[in-house]
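Try each task before you read its solution.

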Amino acid sequence: MGCKAILVFFQYGVMANFYWLLVEGLYLHILLVLIFSPNRHFTIYLLIGWGIPTIFIITWTVTRIILEDTGCWDTNERGGPWWVIRIPILISIIVNFILFISIIRILLQKLRSPDIGGNDQSQYKRLAKSTLLLIPLFGVHYTVFALFPDRSSNNYKIIFELCLGSFQGLIVAVLYCFLNSEV
């Protein structure tokens, strides 16, 4: 029972990570699109970041108990319960990638504005820098293996996610906290 509880908490942490990445993307997108928004939507962000994973983890736990209550729940012999977690994570990755593309488009429009001085090379350099700063914040690297089946790309996926995913928090902390003079 303890092993199952730990796995439920682990899956909740993984899903919450993806939904907090989505919240960061939504927040940044809203900041860029709605310049004078008096409402900060913090309650909605909390519900998205903690609430949506709670709903799906409870659903996953119930489906595991009903359909596949074997061992420690660390194997997936039947696909049904696993997709209860996988589909919401895929949706968050896809929505976050769409937000990422939209923000890059907005940045490109702002750089092409006549108010911004400088030559084309400096504008593209600023766009490239902005894009590279957004990649770890949005978790864009997860889109590489998001739609591949787990069995077909498992070895490459593990190496890729260990190299990039494990340093994501460090990269975000360094770029947005330690190197930011406002923080």
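This is a predicted model: local features need pLDDT of at least 70, side-chain atom pairs count only at pLDDT 80 or more; totals for chains, interfaces and linings use all residues.

**Exercise 1. Describe the whole chain.** How many helices and how many strands are there in the chain?

Solution. Count six helices and zero strands. Along the sequence, the pattern reads α-α-α-α-α-α. Next, take burial: 35% of the 183 residues count as buried. Then take the surface. The chain exposes about 11700 Å², and carbon and sulfur atoms supply 71% of that area. Finally, look at contacts with a separation of 6 or more: 70% of them join residues 24 or more positions apart.

**Exercise 2. Find the core.** Which residues touch the most other members of the largest nonpolar core?

Solution. The largest nonpolar core has 27 residues. Within this core, W60, L134 and F138 touch the most other members. Now ask which helices contribute. At least two core residues come from each of α1 (2-33), α2, α3 (79-111) and α4 (120-138).

**Exercise 3. Track down the salt bridge.** Which side chains meet in a salt bridge, and where in the chain do they lie?

Solution. Step one: search the whole structure, which gives one salt bridge. Its partners are K4 and D69, with 2.6 Å from N to O. Step two: locate them. K4 is in helix α1, while D69 is in the loop between α2 and α3. The pair links distant parts of the chain, 65 residues apart. Step three: compare the cover of each partner. K4 has 17% relative accessibility, so K4 counts as buried. D69 has a relative accessible area of 39%, so D69 is partly exposed.

Step four: look at T70, which also lies in the loop between α2 and α3. Its relative accessible area is 37%, so T70 is partly exposed. T70 and K4 are 66 residues apart in sequence, yet their C-alpha atoms are 9.9 Å apart in space.

**Exercise 4. Classify an aromatic pair.** Is the pair of F42 and Y45 stacked or edge-to-face?

Solution. Two values describe a pair of aromatic rings: the distance of the centres and the angle of the planes. The structure holds six aromatic pairs. For F42 and Y45, the centres are 6.3 Å apart and the planes are at 70°. An angle over 60 degrees counts as edge-to-face, so this pair is edge-to-face. Both residues lie in helix α2, three residues apart, or about one turn of the helix. Y45 counts as buried because its relative accessibility is 6%. Look also for the aromatic cluster formed by Y12, W20 and W50.

Notes
Residues are numbered from 1 along each chain as its sequence is written. Side-chain values use heavy atoms; hydrogens and water are left out. A nonpolar core is a set of buried Ala, Val, Leu, Ile, Met, Phe, Trp, Tyr and Cys residues joined through side-chain atoms within 4.5 Å. Buried means under 20% relative accessible area, exposed over 50%, partly exposed in between (1.4 Å probe, protein chains only). Helices (H or I, at least four residues) and strands (E, at least two) are DSSP runs, numbered from the N terminus. Rings of Phe, Tyr and Trp (its six-membered ring) pair if their centres lie within 6.5 Å; planes under 30 degrees apart count as stacked, over 60 as edge-to-face and the rest as tilted. A salt bridge is a side-chain nitrogen of Lys or Arg within 4 Å of a carboxyl oxygen of Asp or Glu. Contact means heavy atoms within 4.5 Å. Accessible areas come from the Shrake-Rupley method with a 1.4 Å probe; for residues, only the protein chains shown count as cover.
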